[in-house]
Amino acid sequence: MFNMNGILKNHLPLGSMGRYSMVRLVSRCMLGLLALIMSAASMAQESVTLDSIGFANLPGDRIEIRLTFDSAPPEPSGFVLDNPARISLDLLGVSSGLSQQRFNIDSNNAQSVMVLDDGSRTRLVVNLDQLVSYETQLVGNQLIIQVGNDAQAGGVTAAGRVAAGITGTINNSITDVSFRRGDDEEGQIIIDLSSDQVIGSVEQVGARVYVEFSDTSVPDDLNRRLDVSDFATVVSTVDVLGQANRATIVIDVDGAYEYVAFQSGSQYTVSVRPPIVDITGGDATSAYTGEISSLSFQDISIRSVLQILADVYDFSLVAGDAVSGNITIVLDNVPWDQALELVLRTQNLGSRLEGNVLYVAPAIEIAAQEQLELEAAQQAQALAPLFTEFMQVNYADAGDVMALLTGENSGSTDAAAAGGAAGTAVAPSGGILSSRGTATVDARTNIIIVRDIEEKLEEVRAMMSRLDVPVRQVLIEARIVNVSTNFGRELGIRWGGAGSLTGTGDNFRYGGSLDATTEQGNGRVAQEVALQNALIAGETALGQALQEGTDPSLIQSLINQAIAGVPIPGISTTFPESLAVDLGVASTEASSFSIGYTGSSALIELELSALESSGNGEVIARPKVTTQDKVEAIIQSGVRIPYQSQAGGTAGGSTTEFEEAVLSLTVTPHITPDGRINMELDIRQDSVAAGSGAIPAINTNQVTTSALVSDGETIVLGGVFREESTTTETKTPILGDLPYIGRMFKRTVNASRRTELLIFITPKIITEISVR
C-alpha cells in the first residue's frame with residue numbers, strides 16, 4: 001500500500017504545497033457539496049410514503065379508491081390486462097406504510113386491491129371482474145382513482161394503444177427465468193424481459209398458473225423445465241415454453257395456494273404462497289367470546305391486573321383476602337375472557353360470575369363454598385313440603401312419560417279393573433323426581449299423578465310442555481309405473497301335393513307324406529277294381545240280351561247302360577296329410593295366400609302366411625299411507641293363490657298352501673329439523689306369471705332403500721329397463737339353407753319386448769289445522 005498524497009508532498013516545492021493544500025480543501029468542499037446534493041435528491045425520492053387507503057361505492061356501479069400520502073405523490077403510470085382483468089398503477093419513489101397488502105372490495109366491478117412495494121416503487125393492482133374504464137386524479141397529498149362504467153375511458157384507451165404497439169413488434173424476448181424462496185415461504189418466479197414494454201397476462205387453471213407474453217420469443221437455452229421442489233414451497237415445477245411468437249410460463253402448484261403477479265420495469269414476478277389461515281377463530285379460542293386484546297405486564301400485582309380488566313371491560317369485581325401475588329404475562333391477540341382465565345390459573349384462583357359481578361377467590365375456597373351450598377340445598381329439599389298434581393297426558397303414552405320421570409325403563413302397570421287401578425313408582429337416582437317424589441299412572445284416563453316438592457313439579461311441568469305435543473304426520477305416496485311394448489312378426493309357408501305316373505305300366509306314386517302315397521295307391525286299386533266290375537256288368541248285360549232275343553240294335557245301349565251303372569271312384573288327395581312342408585303361421589289370425597295346380601294325375605297346393613302384431617301396455621299402481629313421525633307404516637293389497645303341495649311323512653297325501661302376490665309399501669319416515677323427510681322404504685309389486693303350472697310362479701319387483709326428500713318433492717327411487725329380442729327359425733335341414741329356394745323350406749318368427757319399471761315417491765308433511 002502506498003499514499004499518493006505522501007508522494008505528492010515529498011516531491012512538490014514548499015510553495016506548491018500551500019497551493020496543493022488549498023486545492024485539496026476546495027476539492028473536499030465540492031465533494032461534500034455533491035454528496036449533500038445527491039443525498040437530498042435521494043431523500044426527496046424516498047420521502048413519499050403511502051399512509052392509508054380507503055374505498056367508497058359510487059352511483060353507476062363505480063368505486064372510488066382514495067390513497068393518502070405523507071406528501072405530494074408522483075403522477076402514476078400504469079397499464080391494463082384483459083385476461084385476467086386487471087389495472088396496474090406504478091408510483092415511482094413511493095414506499096408503502098400499510099400493514100397489509102391485500103384489501104377485499106365489495107363491488108360489482110372490482111374484487112380486491114393489492115399494494116406491492118419492491119423498494120423503488122409501489123404498485124397498485126386492482127383485480128376486476130371484467131375490464132372497465134378508470135380515471136386518476138391528484139389532489140394535494142391524495143391520489144383518487146375512480147373505477148367503473150361512468151369513468152372516463154382515457155386510461156384504458158391509452159393503455160390499449162400501448163399494448164397494441166407492443167404486440168405489433170416481434171423483437172421482444174425473455175432473457176432469463178429464475179426462482180427463489182421468499183421470507184414468507186412463498187415461491188417467487190422472476191422473469192427478466194428484454195423490454196419494460198412487454199405486458200404479460202396471468203390465468204389460473206386448477207393447480208397451474210399460466211403466464212403468457214404475446215409476440216415474445218424464448219431462447220433455446222431457456223426452453224426447459226425447472227424442478228424447484230427442493231425449495232420447500234408450494235411450487236413444484238416451472239416450465240418455460242416458446243412457440244408461435246408466444247412465450248408461456250407454466251407453474252405447477254401442490255395443494256391450496258394464492259398468487260400475485262406484478263411487473264417492475266423489465267422484470268415480471270409471480271409470487272405463489274399457501275393461503276393465509278386465520279387462527280383467531282380456531283378451536284383454541286372458539287370457547288371464548290370476549291373482545292380480542294393484547295396484554296403485557298411485568299411483575300405486577302394480580303389484584304391490579306384484575307382491577308385493570310374490570311375497568312377496561314366494564315364488570316364489577318369482588319376479590320377475596322387470599323388473592324395475592326405478582327404475575328408477569330404477555331398475551332397477544334387473545335380474547336379478554338381467555339386472558340382472565342389464564343391470569344387466574346397461574347395463581348390457582350377460581351371465579352364465579354353472578355350477574356355483572358365477578359367473584360375471585362382461591363379455587364379450593366370456591367369449591368368448599370359450592371359444596372356447602374349444595375348440602376344446604378339438599379337439606380332444604382329434604383324439609384320442603386310435598387305437593388300432589390294430576391297431569392293429563394294428551395298425546396304421549398303416560399307409562400312412557402313416567403319412565404322418564406323416574407328414570408326406569410318401564411312405565412306403569414296395567415289397570416287391573418275398570419275402576420282404574422294404577423301402578424306406582426318411586427323415583428330412583430337418575431330421574432327428574434327427587435328421592436322423596438313418587439309418580440302414579442292411571443292407564444284408563446292416561447293421567448300421571450305426581451307427588452313431589454314444588455321445585456321438581458316445575459321441572460315436570462316444563463318437561464310435559466316439551467314432550468306432550470302432537471307428533472307430526474307424513475303422507476307418503478308411491479307410484480309404480482310398468483310400461484311394456486311388444487312387437488312380433490311371423491312369416492311361414494305350407495305346400496304339398498300327390499300324384500302318380502300313368503302309361504308306364506308301373507304303379508309309381510309320389511306325395512307329401514306316406515299317407516298321401518298310400519291314398520294314391522288305394523285309389524288306383526279301387527279304380528281298377530271298379531273298371532273290372534264295369535266290364536263284368538257289360539258282359540253280363542250282353543249275355544242276358546242274347547238269351548232274351550233282344551233287338552240287336554238295342555244290345556249296345558244295354559251294355560253301355562250296365563257299364564255306366566258301376567261307379568268308377570276317382571283318386572283323391574287330402575290335406576294336411578299331403579303337405580310336404582308344414583311351416584305356416586300357427587295363429588288363426590294370420591293372413592294367407594295360396595295357389596294350386598291340378599293335373600290328370602297330380603295335385604300341388606302352396607300357401608304363404610304372415611302375421612305382424614304389436615302391443616303397448618301401461619300399469620300404474622299408486623299406494624298411499626299416512627303415518628306419524630318415526631312410526632313404521634305398512635299397506636298392502638293383493639291375492640293369496642292356493643296350490644296343492646305334497647305332504648311329508650309316510651302317510652302321503654297333499655296339503656293346501658298359499659302363495660302371496662301383493663302390492664305393498666312399508667315406510668318409516670323421520671322429519672328432519674330443516675323440514676325434509678328421511679325415509680326407510682320397502683316397496684314391492686308382485687304378479688302371477690302367465691302360463692304358470694300347478695305351483696304358481698310369481699313375478700316380483702322390489703326396491704329397499706333410504707332416501708332424503710324435501711317436503712312435497714317427487715323423486716325417482718329406482719328403475720329397471722329390460723329389452724328382449726328373439727329370432728326363431730324353423731326349417732328343413734340343408735334345403736332351408738339354399739339361397740332363394742330355401743325360403744320354401746323355412747318359417748321365421750321375430751319378436752321383441754321392452755319393459756320399463758319406474759318407482760316414484762312423494763312425501764308430504766301434513767299441516768296441523770287448528771279447529772276452534
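## Strands β1 and β2

In this predicted model, β1 and strand β2 (residues 62-69) pair in the antiparallel sense, and eight bridges join them. Within this pairing, A56 stands opposite E64 in β2. The two strands form a hairpin with three residues between them, and G60 takes a positive phi near 80° there.

## The five-stranded sheet

β1 and β2 belong to an open sheet of five strands, in the order β5-β1-β2-β10-β9. The pairing in this sheet is mixed. β1 and β5 run parallel and are joined by three bridges; T49 stands opposite S95 in β5. β9 and strand β10 (residues 142-147) run antiparallel, with six bridges between them. In that pairing, Y134 stands opposite V147 in β10.

## Aromatic pairs

A pair of aromatic rings is described by the distance of the centres and the angle of the planes. The structure holds four aromatic pairs. One of them is formed by F55 and F103: the ring centres are 6.2 Å apart and the planes stand at 50°, so the pair is tilted. This pair links distant parts of the chain, with F55 in strand β1 (residues 48-58) and F103 in strand β6 (residues 102-104), 48 residues apart. F55 is partly exposed, at a relative accessible area of 32%, whereas F103 counts as buried at 14% relative accessibility.

W495 and F745 form another aromatic pair, with 5.7 Å from centre to centre and 75° between the planes. Why does this pair count as edge-to-face? The angle of 75° is over 60 degrees, so the pair is edge-to-face. W495 lies in strand β30 (residues 473-501), and F745 lies in the loop between β40 (715-731) and β41 (746-765), so the pair ties together parts that are 250 residues apart in sequence. W495 is partly exposed, with a relative accessible area of 22%. F745 counts as buried, at 12% relative accessibility.

## Charges over rings

Two arginines are placed over phenylalanine rings. R479 lies over the face of F760, at 5.4 Å from the ring centre. The charged end of R640 sits over the ring of F658, 4.7 Å from the centre of that ring.

## Nonpolar cores

How many residues are in the largest nonpolar core? This core has 29 residues, and those with the most contacts inside it are I174, I189, I191, F213 and I249. The strands that each supply at least two residues of this core are β11 (172-181), β12 (187-193), β14 (208-214), β17 (235-243), β18 (246-253), β19 (258-264) and β20 (267-273). β18 gives the most to the core, with four residues.

Leaving out residues up to four places away in sequence, I189 touches V177, S178, F179, V235, V238, I251, Y268, T269, V270 and V272. Another core lies apart from the largest one and has 27 residues, among them I65, V126, L128 and L143.

Definitions and conventions: Residues numbered from 1 in each chain as written. Predicted model: local features only at pLDDT ≥ 70, side-chain atom pairs only at ≥ 80, totals over all residues. Heavy atoms only, no water. Phe/Tyr/Trp six-rings, centres within 6.5 Å; stacked < 30°, edge-to-face > 60°. Buried < 20%, exposed > 50% of the residue type's maximum accessible area, 1.4 Å probe, protein only. Lys NZ or Arg CZ within 6 Å of the ring centre and 35° of its normal. Core = buried A, V, L, I, M, F, W, Y, C linked by side-chain atoms within 4.5 Å. Contact = heavy atoms within 4.5 Å. Pairing = 2+ DSSP bridges.
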